[in-house]
Amino acid sequence: MKHIKLGSLDVSRIGLGTMGMSGVYTGHGTDDAESVRTVHRALDLGVTLLDTAEIYGPFVNEELVGRAVRGRRDQVVLATKFGLVSYTGAGDGTPGTPDSSPANIRAAVEGSLRRLGTDYIDLYYQHRVDPATPIEDTVGALAELVAEGKIRHIGLSEAGPATIRRAHAVHPVAALQTEYSLWTRDIEAEILPVLRELGIGLVPWAPVGRGFLTGRIRSTDQFDATDRRLTNPRFTAENFRRNLALVDEVEAVAAAAGATPAQVALAWLLARGDDIAPIPGTKRVSRVEENTAADAVELTTEQLGKLNDLTPAAGDRLEAEMSRLVNL
């Protein structure tokens with residue numbers, strides 16, 4: 001597995017997103033034993049970057065990852081996120097409440113350290129920008145945690161260009177996590193140039209379009225009734241049908257490349273630069289084997305050209321409620 005740098009942080013250029021292991025997409029369809037095997041297989045294949053968050057579950061995903069890396073901590077770059085659980089105010093750990101105040105960060109990091117079973121976090125992201133807390137205050141509190149050795153690198157998630165600049169001016173930001181894939185390329189206009197100007201790495205989430213770009217989803221009837229994708233604009237009604245044409249185009253390139261559509265989607269991202277480390281999510285050993293094999297896929301200039309010119313995706317990438325907290 002090839003490695004890249006997120007700022008000064010060395011990581012495998014393909015990571016593993018663990019959110020789906022705790023039923024975020026498919027309700028109660030979880031299998032902790034298979035999830036642990038999946039993490040172990042990823043590590044065996046050279047993956048070092050594992051991505052979780054306190055809100056996943058909530059809390060249980062960090063506990064799962066902590067169990068999975070026990071005895072193998074030195075092989076792992078552990079990344080987790082704070083800011084969508086509030087321990088201040090009501091003081092009850094309320095999920096879904098943006099809170100990046102210094103007091104909340106102190107409470108959040110201690111909880112994550114405990115659940116992950118570690119005394120430091122390699123990459124600690126602000127999950128969403130908190131409009132009520134100046135980013136300078138948030139990053140200042142994170143810089144104190146760096147000085148104390150509780151975290152080693154600072155990350156942002158779904159932040160806008162101005163916020164990225166202000167944060168980086170307080171303390172170096174190692175990585176921005178945001179959605180980026182063949183069907184979500186919004187960041188290329190303003191955000192990606194800022195990251196490269198400042199030397200900040202990019203960690204794309206949903207790099208295979210929440211599974212859509214794998215070509216395995218041909219109808220929403222395949223989803224469990226609790227699946228979050230049922231409310232995503234790109235998976236609804238006419239948008240879903242229109243987006244199948246985009247997948248057909250990816251499948252055609254995959255056939256020519258001798259790879260799967262998921263591998264092609266990941267290989268396209270890897271070809272975008274040596275500062276990009278996608279984190280495809282899965283809870284199955286077979287899928288992590290497929291995804292990591294994308295490290296060896298070399299797309300031709302012609303194939304990259306076809307992928308760059310894909311039919312644009314139909315529908316917004318996020319639900320209206322979720323869109324309020326991105327690019328702030």
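Me: How many salt bridges does the rule give?

Reply: The count comes to 28 salt bridges, each one a side-chain nitrogen of Lys or Arg within 4 Å of a carboxyl oxygen of Asp or Glu. Keep in mind that this is a predicted model: local features need pLDDT of at least 70 and side-chain atom pairs count only at pLDDT 80 or more, while totals for chains, interfaces and linings use all residues. Residues are numbered from 1 along each chain as its sequence is written, and side-chain values use heavy atoms, with hydrogens and water left out.

Me: What makes R317 and E179 a salt bridge?

Reply: Their N to O distance is 2.9 Å, so the pair meets the 4 Å rule. R317 sits in the loop between helix 10 (301-308) and helix 11 (320-323) and E179 in strand 10 (residues 173-179), so parts 138 residues apart in sequence are tied together. Helices (H or I, at least four residues) and strands (E, at least two) are DSSP runs, numbered from the N terminus.

Me: Are R317 and E179 buried or exposed?

Reply: Both are buried, a word that means under 20% relative accessible area, with exposed over 50% and partly exposed in between (1.4 Å probe, protein chains only).

Me: Why is E251 called partly exposed?

Reply: Good one! E251 has a relative accessible area of 29%, so it falls between the two cut-offs.

Me: How do you know which class R218 belongs to?

Reply: The relative accessibility of R218 is 37%, so R218 counts as partly exposed.
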